[in-house]
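Here is a short report on one protein chain. Look over the sequence and the model first, then read on.

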Amino acid sequence: MKKYTYSAKKEDNQGKWWVIDAEDMVLGRLASLVAARIRGKHNPLYTPHVDTGDSIVVVNIEKVRLTGRKWADKTYYRHSGYTGNLKSITAEKLREKRPEDLLRFAVRGMLPKNSLGRTLRKKLHVYAGPTHPHAAQQPEELKLQ
């Protein structure tokens, strides 16, 4: 009897679709659960270098919570590449301008920084309101604690 560790292939991924309602959820806790689900760590076939995760649709992200004084204190930075062009925006202003980016930035930091991470980021679909255009994929609702 041969014993070996099975290494998943790209074709082995079934890739289910899930919907998560982010209303009254803490941003970081939600992001860590979403990143693990996208990565496929819940899957028995999980292989670190292969996409074995699911697609996630997150709705009501505008109603997500941050603890403490993070709405005023947490700052997101970006740089254009030119000298002196460091732009910053607080979490509160980002929620008013582009609430979807709150979760996108949090999940991006939890995924690999390589071509696999870029592929996995495309499996996250975030919407500010309660509706989404992914009804054709028949996503199931995912209840998170």
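## What helix 1 packs against

The buried residues of helix 1 lie against strand 1, strand 2, strand 3, helix 4, helix 5 and strand 5. Buried means under 20% relative accessible area, exposed means over 50%, and partly exposed is in between (1.4 Å probe, protein chains only). Helices (H or I, at least four residues) and strands (E, at least two) are DSSP runs, numbered from the N terminus. Contact means heavy atoms within 4.5 Å.

Which residues of helix 1 are buried? They are Leu27, Leu30, Ala31, Val34, Ala35, Arg37, Ile38 and Arg39. Helix 1 has 13 residues, which at 1.5 Å a residue should span 18 Å. The expected span is 1.5 Å times one less than the number of residues. The end C-alpha atoms of helix 1 are 18 Å apart, which agrees. Gly40 follows helix 1, and its phi is positive, near 95°.

## About the model

This is a predicted model: local features need pLDDT of at least 70, side-chain atom pairs count only at pLDDT 80 or more, and totals for chains, interfaces and linings use all residues. Residues are numbered from 1 along each chain as its sequence is written, and side-chain values use heavy atoms, with hydrogens and water left out.

## The overall fold

The protein has five helices and six strands. Along the sequence, they follow the pattern β-α-β-α-β-β-α-α-α-β-β. The C-alpha atoms fill a box of roughly 60 × 40 × 30 Å, taken along the principal axes.

Of the 145 residues in the protein, 38% are buried. Take the contacts between residues at least 6 apart in sequence: 68% of them join residues at least 24 apart.

## The nonpolar core

A nonpolar core is a set of buried Ala, Val, Leu, Ile, Met, Phe, Trp, Tyr and Cys residues joined through side-chain atoms within 4.5 Å. The largest one here has 30 residues. Those with the most contacts inside it are Leu30, Val34, Val58, Ile61, Leu103, Val107 and Leu124. Elements that each supply at least two residues of this core include strand 1 (17-21), helix 1 (27-39) and strand 2 (55-59). Helix 1 gives the most, with six residues.

What does Leu30 touch, leaving aside neighbours within four places in sequence? Leu30 is in contact with Ile20, Ala22, Met25, Val58, Ile61, Val64, Leu103 and Leu144.

In helix 4, the buried residues are Glu100, Asp101, Leu102, Leu103 and Val107. Their cover includes helix 1, strand 2, helix 2 (70-73), strand 3 (75-79), helix 3 and strand 5.

His125 is found in strand 5. Is His125 buried or exposed? His125 is buried, with a relative accessible area of 19%. Not counting residues up to four places away in sequence, His125 touches Trp17, Ile56, Val57, Val58 and His134. Glu100 is 25 residues from His125 along the chain, and their C-alpha atoms are separated by 8.9 Å.
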